[in-house]
Amino acid sequence: MQAILNSPLFIPLLLTVLIIALVPLVAGYLTLVERKVLADFQVRLGPMRVGPYGLLQPLADALKLFIKEDIIPTDADRALFWFAPMVSTLTSLTGFAVLPFTDKLYIADVNVGLLVISATSSVGILGIILGGWASNSHYSLLGALRSAAQLVSYEVALAFALLSAVMVSGTLSMQGIVKAQLAHGVWGVFANYGFMIVPFAVYLIAATAETNRAPFDLPEAESELVAGFHTEYSGFRWALYFLAEYCNMLVVCSVAVTLFWGGWLRPFPNVAWLEIPLNFAFPLIFFVGTGLACLTLVKRLIDTSQKVVLVVVALGLILTGALLTIPVVNHLMAGLFWFLLKVSAIIYVLVWFRGTFPRFRYDQLMNIGWKIAIPVGMGAVVINAVLGMVGK
Amino acid sequence: MIDTVLFYAFALLVLGGGLATITLRNAVHCAIALIVSLLGVAGLYLLQQAEFLFAVQIVLYVGGIMLLFLFVIMLVNLDQAARERQFNRQWVVAVTAVAVVAAEIGYFLWRGKAAFHIAENALSPASALGNTEQIADSLFSEYLLPFEIASLLLLVAVVGSVVMAKKRI
């Protein structure tokens, strides 16, 4: 037992299992967040029936997807039809292996961490394009072709944005990037006299396109292509695609946070006296405040069991806030709190995009990719290089 | 020990993928087999502690080139290609040629066998610089001219393809 606990692989393996178990749950709740936020933008209520204020909706959805009939179209390439969703899901889960959640909490610190993430995402495209082809349907094939063209185009812009960030931190290791920001004392996005905001904007646009999200959701444009590359997929296989999409979203947002928004660092990481207000008081107010806000909603509910669920959720939030004030826990978890808070903020922005912008036409998409995003990304690399040299 | 196992696993991927690439009937399946083979090569790079090459191999070959291959293959009518005979029938000539070349290579390998020995401590001691920095150093100092010539060649290819594809510039 002791030998197992002391093995260098123990913590990484434990984390791997934890992430594979938790990420589908998180992805499920992301769909709820997305539906609720979009509903709010459109002055609707969103899911309200399952659980208090729709809180248990993702679990019901997951159960539905598990027991749905799995249909394989006639003349589909059966082996590839089975294989393609797995490629998407596996590659998107692999991305989590190099993410730096905190300075102690990570699976692997590879010295080409960032490149590993782009490698996994580029293999992930194969899942989409093979799935679209194997379905033996015109809608699927068109969706797959669009998606391949789109992802290949925007990968270039994405690479330029990443390059700017790597130049500022001087390393490709994800841990090293955050530590470089700690050494500079500013988050990456404010480095180089604030000019890093330009690569961040390019990154955000390219990342939205890379994750196939609105306004770049042409591969699955439901008004013209039914559902794009996953038209013929149903049940659990479709759920795998869905999971992969939301995992990609999480990975992309985590990379944005790591490169540009300081990873696990709190705001003003080098100002020592802010330690207490930002690492202890802020999470406490955040969780307890949310918990109390939940409690005020309880009396509006009619159903007793729903009341119980909401009270449990509220107490859980308050308990989390209380736990974070214990110094040992805080020392370990404050970084994770900041990391997840920033990731959630960027995810909110992506949902906001979806609620705001109409879908681009195909030629507009290509124009934005090749004629705006890539030149701006290139220019940003050059200017950042000059500014970086001046700064030294 | 684990290195050896991994080496044979990756080598199996490379060889199996390569074999499947030339024997499978469906062009899309061939492309996938080639991808498997390229991933195996990436794994071999990683075993040699060339982690930069590993990542670049996957990003460029799998994510870029093979994706465009698939893109083109999907637009082509595959049914006709699958019906055509894959190998021509000149078995005798082919077998003879292969046998002659194999005998030739075998003979020279046998004659020069004294020159082969397993390198000891083949892996250089881990340097302070990472693999990425080493590549950048040699690429931008020692091999700057070939690097620039290669980039010029690629630029010409890009310009050429634009000129050929666009009717009006």
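How many residues does helix H2 of chain B have, and how far does it reach from its first C-alpha to its last? Helix H2 covers residues 27–47 of chain B and has 21 residues. Its span is 30 Å, close to the 30 Å expected at 1.5 Å a residue. The expected span of a helix is 1.5 Å times one less than its number of residues.

The model is predicted: local features need pLDDT of at least 70, side-chain atom pairs count only at pLDDT 80 or more, and totals for chains, interfaces and linings use all residues. Residues are numbered from 1 along each chain as its sequence is written, chains are lettered from A and ligands numbered from 1 in the order in which they are written, and side-chain values use heavy atoms, with hydrogens and water left out.

Chain B holds 7 helices and 0 strands. Helices (H or I, at least four residues) and strands (E, at least two) are DSSP runs, numbered from the N terminus. The order of elements in chain B is α-α-α-α-α-α-α from the N terminus on. Of the 169 residues in chain B, 20% are buried. Buried means under 20% relative accessible area, exposed over 50%, and partly exposed in between (1.4 Å probe, protein chains only). The accessible surface of chain B is about 12800 Å², and carbon and sulfur atoms hold 71% of that surface. Accessible areas come from the Shrake-Rupley method with a 1.4 Å probe; for residues, only the protein chains shown count as cover. Among contacts in chain B with a separation of 6 or more, 58% join residues 24 or more positions apart. Contact means heavy atoms within 4.5 Å.

Helix H2 of chain B has several buried residues, including B:Val28, B:Cys30, B:Ile32, B:Ile35, B:Leu38 and B:Leu47. After H2(B) comes B:Gln49, with a positive phi near 60 degrees.

Chain B meets chain A through 21 residues, and chain A also contributes 21 residues. About 1900 Å² is buried between the two chains, with 83% given by carbon and sulfur atoms. Buried area is the accessible area (1.4 Å probe) that two parts lose on being put together, summed over both. B:Leu67, B:Phe71 and B:Met74 supply 31% of the area that chain B buries against chain A, more than any other three residues. H2 and helix H3 (51–75) of chain B are the elements that give two or more residues to the side touching chain A. H3(B) gives the most, with 13 residues. Between chain B and chain A there are 0 salt bridges. A salt bridge is a side-chain nitrogen of Lys or Arg within 4 Å of a carboxyl oxygen of Asp or Glu.

Over all chains, the count is 4 salt bridges. In one of them, the side chains of A:Arg213 and A:Glu34 meet at 2.7 Å, N to O. This pair links distant parts of the chain, 179 residues apart: A:Arg213 is in the loop between H8 and H9 of chain A, and A:Glu34 is in helix H2 of chain A. Both partners are buried, A:Arg213 at 5% relative accessibility and A:Glu34 at 3%. A:Asp61 pairs with A:Arg35 in another salt bridge, with the closest N and O atoms 3.3 Å apart. A:Asp61 lies in helix H3 of chain A and A:Arg35 in helix H2, so the pair ties together parts that are 26 residues apart in sequence. A:Arg35 is partly exposed at 37%. Salt bridges with shared partners join A:Glu34, A:Arg213 and A:Arg354 into one network. A:Asp363 and A:Arg361 also form a salt bridge, at 2.9 Å, N to O. A:Asp363 is partly exposed, with a relative accessible area of 39%.

A:Gln57 sits in helix H3 of chain A and is buried at 13%. Beyond its neighbours within four places in sequence, A:Gln57 contacts A:Leu32, A:Arg35, A:Pro47 and A:Val50. A:Thr31, in helix H2 of chain A, is buried at 12%. A:Thr31 touches A:Phe242 and A:Tyr246, not counting residues up to four places away in sequence.

Two loop residues of chain A have positive phi values. A:Tyr53, not a glycine, has a phi of about 50 degrees. A:Tyr53 lies between helix H2 (10–41) and helix H3 (57–67) of chain A, and is partly exposed at 22%. For A:Asn212, also not a glycine, phi is near 60 degrees. A:Asn212 lies between helix H8 (197–210) and helix H9 (222–225) of chain A, and is buried at 4%.
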